[in-house]
Structures are given as C-alpha cells and as structure tokens.
There are 2 protein chains.
Amino acid sequence: MVNLGAEHENLDHKAYLILKNMIISRKLLPGEKIPQEKLAQDLGISRTPLVSALKYLEKEKLVEAIPRRGFYVRLFSKEEMISIFELREVLEGLAARRAAFNIRDSQIQKLRRFFKQFRKSTDITDIKGYATEDRRFHNFVTGIGAKEFLKSILENYNIISYSYQLVSLEGLVRPPNVTIREHRAIIDAISDRDADSAEDLMRQHLKRAIAILRQEIESERQTTAKTA
Amino acid sequence: MVNLGAEHENLDHKAYLILKNMIISRKLLPGEKIPQEKLAQDLGISRTPLVSALKYLEKEKLVEAIPRRGFYVRLFSKEEMISIFELREVLEGLAARRAAFNIRDSQIQKLRRFFKQFRKSTDITDIKGYATEDRRFHNFVTGIGAKEFLKSILENYNIISYSYQLVSLEGLVRPPNVTIREHRAIIDAISDRDADSAEDLMRQHLKRAIAILRQEIESERQTTAKTA
DNA sequence: ATATTGAATTTTGCATGCAAAATACATAAT
DNA sequence: ATTATGTATTTTGCATGCAAAATTCAATAT
C-alpha cells in the first residue's frame, strides 16, 4: 500500500513547515510576537493558511495563542525542559522496546554502524559531530520503534530536536565519553532483540541526563540566591 | 496568580469543544465525513472557525484531514487501540510516579475514597458504576501527576476516554473483581509516596489490559481464518 | 444490467473585507 | 517628569466570495 497522504500539499501545511523551521532555527525568537500580516506577505500567502499553520504549531506547543492578542513563540524554562526529558524517558523507552521487537536484520546492520567514527578515540574531541550522531541515533531508534501515535507525539512535540537546543554545549547534557558506552549498550540490546533491556537502558540513559539538568537548576538557584 | 487564559473564548474553541463532544458521544460516527457547510449552519457560525476547530481535532487524531476531500471522523483498529494502551502504560506510569511525588495530604484523603462503594462486594455487579469510577480514578491520578506537556498529551490525544470506548463491556477490558486489587495497590503506593512502586504498579495494571487486548485480536484472527 | 462519459452541483482552499478589540501615540492634566 | 485621557492606527476574529477540485447524477455506450 502506498501512502498518498502527502499527494496534495496545501498552503497551510507548507506554511507550517516553514514556520516550524523558522522557530527551530531561531529566526523567530522565543517570546516574540508573530506578525501575521507581515509574515503572510513575506510568504506570499494570505492570513488564512498562515493562521491555520499557527494553530497546528499551537497544538505542538511551539507557539502560544493568546485570544485577541495573537500568537507568540513559546519560551521554555529549565523546569519545563526537565518535564520534556521525562517524557522522552518514557516515550523513547517505549520506542526502544518496540524497536527491539520490530527491527529487521538489515536495520541491525545500520544500527551497529552508529558511533563508528568515535570507536578509537578515548577522548572524543569532535563534540559537534558527536552531538549530530547522538541526534541521528535517537531518531533512528524512534523511527524503527515508533509508529502512529507514539511517532506523532514524538514528532509533534518536537521533543527530540527541542530538547537538544536549550541545554548546555551543542545540545549535549553529558560528555560524549560518558554517554557513548550507554549508546553502545542500547545498540546491543536492540540488536539482540532484548526488549526489556532496550527499554530499561534507554530510560536509564535519559534519567541520567535529567539528573544533570536538576543539578544545574539547583546550582543556578544557589547562585541566584547568593547574588540577590 | 490567576489563570486568565480562558477569559475570552473564541468561536473556534467553542466549536472545538462541541465537535469533540459530538465525536465522543457518537453523534458523529467513525469514518463519517464531516459536512462543513451544514455543521457550520447548525452551529450558527461560518466555516472559518469550524475548520479551525477541525484542525485542532486533527492534531488530536480524532479527525483525519484528507486534502481536497475534507475531514473524516477517525476510525481506530484494535491494533491501534493496543498502541494507545501502550502509551497509556508509559504516560500514566509517569503520571503515577509524579503523583506520588507531588500529592498533598488533602489529596491523599480523596484518593483513598476511590472504589469505596465497592469495598464490601466480592462480586461487583454494577459494571457501569465501576467503569465510571475506574475512569474517574485514572483521571484523578493523572490530574495530580501530569502537568504541562504530559497533561496536554494525555488530554489532547484523549487517550483515556478514547481507550474506554472501543473495548469490551462498558469500556472495561478486565472484570472489576480482578482490577480492584490493582487499583487499591496503586492507591496505597501513591499515598505512601512510593514513586517507584506507583509507576511500576500502574504500568503492570495497564500491561495486563494490553495482554487481554492482544488475546482478543488473536482469537478474532483465528475465527476469521476459520470463517474465510 | 453494467460501465463510461460528461455536464450540473457541491465542496474545498484561499483571499479579502470589515467590525470590534487591542495597541500606539499624542495631548492634556497632575 | 510622570500619569491620565482621548484619538488614530493596527491587529484580530470572523463572514463571505470565488476559482479550482471533487462529487453527483443523468445520459449514453457496451
């Protein structure tokens, strides 16, 4: 069966993709008001499909609608980042479980190739490259394991990509030489089709990131208290 | 701080609530096409806010938008019901965990009152009443534990209410006298603020429902195979 | 009877217009 | 100088209009 869903692409969907990109790439900044008339003109469309796109983004929490006042790019606090990571923990845990169930042999080959370029280095210096690989890895696993609802939740809420943006260096919460072992363990579990381990390891992996985020909040709070 | 979010209520939001209700209460049936012009007239509004409402419902998966063809009430297969339950498993598990962390003493009192009316009966005959209590219980727990994203996912996707609609008798997957023990165990864990147990028990609770659903699918498949 | 073609009708996607609300701005009052 | 008040401007929410696409339905062909 062929997917014909995207056969026609309406203006509002195009606008949606463009806006999403503008937000993620920081062309529209958090807190900023979205100028409907101007943006519609820039995109060469009317306000109708633009507003339609904004409504989609509102559901995805990328944008906040305030009645009679307009749409604003959403702003996330560190506390909210933690709740996003908590969601990733359980959702990607589920995705890892399902991936272990579903994965095909050809996909195992691909999975095993992740982090190959970082095999030899004890100290990984290419942080940026590692961060990219990290993202690709998580997307690959969820791509195999998450369908339908789980997939749309992970996609819609932009949990993955967003999570990476607001934290520490290059979007990594913890240093590569610590997380690479965990990544390898997850790869092994999924390749062995060990669903329970895959879920557990993925959850532990993300739980540790959450712990770091909580620490950061705590130390910030103390610094602020001292300064004040 | 007072919540002023719902101060103004736009037409599209009103339409959204009405439509959601119409779908849940089966005034609009799964698979049915939504007649925009007629419905707009019935509601006394134009197509603009109606379509806007439909876009919200599309994101919630209650409605499917087919470009140039219109909106259709979504139809869920039993397989999809399973993936919804899998989501409930991890999301309500997280909610139970958070509830155990957050719950206030006054809320513990309330929590302990759930299923009180079924205490004495070894065989619960009021299935409908039990089903209602079941729903209220799950909503209460998620109400305490889920905020922000988790809350909106659970709400938006209507996972809870929807889950109950399409399965077995009165929306219950398993008989009351089996599940009531599990409910009580969850209540105890949350009241004891034992987050790990609360999460684990909630997950086991839902896992068992999933197992039944899988069995039902399997036996259906065999029946169909025989008939065909 | 069933399938095919083609016009008539309906529906969708989008732009536009407009009243009401919100905002910005200028002037007056303290 | 700051606050208050009134006015002009902009923006929002919604209805409406219209072209293009989809659907219906009748007439014709198989």
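User: What makes the approach of Arg68(B) to a phosphate oxygen of DNA strand C a polar contact?

Analyst: A polar contact is a pair of N or O atoms within 3.5 Å; within protein, one must be able to donate a hydrogen and the other to accept it, and residues adjacent in sequence count only if both atoms are side-chain atoms. In this predicted model, a backbone N or O atom of Arg68(B) is 2.9 Å from the phosphate oxygen, so the pair meets the cut-off of 3.5 Å. The model's local features need pLDDT of at least 70, side-chain atom pairs count only at pLDDT 80 or more, and totals for chains, interfaces and linings use all residues. Side-chain values use heavy atoms, without hydrogens and water; residues are numbered from 1 along each chain as its sequence is written, with chains lettered from A and ligands numbered from 1 in the order in which they are written.

User: Which side chain has an N or O atom 2.8 Å from a base nitrogen of DNA strand C?

Analyst: That side chain belongs to Arg47(B).

User: Why is α5(B) called roughly antiparallel to α9(B)?

Analyst: Angles under 35 degrees count as roughly parallel, over 145 as roughly antiparallel, 65 to 115 as roughly perpendicular and the rest as oblique. Helix α5 (residues 105-112) of chain B and helix α9 (residues 176-191) of chain B pack at about 170°, their axes lying 10 Å apart; therefore α5(B) is roughly antiparallel to α9(B).

Technical notes
Axes are lines fitted to C-alpha atoms, for helices over the stretch in contact, and angles run from 0 to 180 degrees between N-to-C directions. Helices (H or I, at least four residues) and strands (E, at least two) are DSSP runs, numbered from the N terminus.
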